[in-house]
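Subject: Model for your files

Hello,

Here is the structure you were going to look at. My notes follow below it.

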Amino acid sequence: MRYRIEYADGQCCKFANGRRDLMKMLKLIKSKAVTDIRKVYKNGVSDSVMETYKPYLK
C-alpha cells in the first residue's frame, strides 16, 4: 500500500511505501505542517486516513 503525506497547505507531498515507512516519516515531520494523509490504491483512487494516523504525529 502506498501513502501520500500532504503538507504546506497541499503544495508539497511525500510518498511512503507501506505502513512501516509511513510511521518512520510521521516521526520526522512536524504535526502542524501535515494537512492530510491519504492511502493511494493501485488504480489511483485515494482515501484520507488522517484521523487514523493523527495520534502518531508529534
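Predicted model: local features only at pLDDT ≥ 70, side-chain atom pairs only at ≥ 80, totals over all residues.

A residue is called buried under 20% relative accessible area, exposed over 50%, and partly exposed in between. At 41%, Tyr-56 is therefore partly exposed.

The average pLDDT over the protein is 89, and 98% of the residues score at least 70.

Aromatic pairs

Rings count as a pair if their centres lie within 6.5 Å, and by this rule there are two aromatic pairs. One is Tyr-3 with Tyr-53: the ring centres are 5.9 Å apart and the planes stand at 80 degrees, so this pair is edge-to-face. Because Tyr-3 belongs to strand β1 (residues 2–7) and Tyr-53 to helix α2 (residues 50–53), the contact ties together parts that are 50 residues apart in sequence. The other is Tyr-53 with Tyr-56, where the centres are 6.1 Å apart and the planes are at 45 degrees, so the pair is tilted. Through these ring pairs, Tyr-3, Tyr-53 and Tyr-56 are linked into a cluster.

Strands

Which strand is largely enclosed by the rest of the structure? The answer is β3 (residues 34–40), because five of its seven residues are buried. β3 is joined to β1 by six bridges, and the two strands run antiparallel. β3 is also joined to β4, by three bridges and again antiparallel.

Val-40 of β3 takes part in both pairings. Val-40 is the bridge partner of Arg-2, and its bridge partner in β4 is Ser-46.

β3 and β4 form a hairpin, with five residues between the two strands. In the turn, Gly-44 has a positive phi of about 100 degrees.

Arg-2

Besides its bridge to Val-40, Arg-2 has a contact with an aromatic ring: Arg-2 lies over the face of Phe-15, at 4.4 Å from the ring centre.

If you open the model, I would start with the tyrosine cluster formed by Tyr-3, Tyr-53 and Tyr-56, and then turn to β3 with its bridges to β1 and β4.

Regards

How values were computed:
Residues numbered from 1 in each chain as written. Heavy atoms only, no water. Phe/Tyr/Trp six-rings, centres within 6.5 Å; stacked < 30°, edge-to-face > 60°. Helix = DSSP H or I, 4+ residues; strand = E, 2+ residues; numbered from the N terminus. Buried < 20%, exposed > 50% of the residue type's maximum accessible area, 1.4 Å probe, protein only. Lys NZ or Arg CZ within 6 Å of the ring centre and 35° of its normal. pLDDT = per-residue confidence, 0-100. Pairing = 2+ DSSP bridges.
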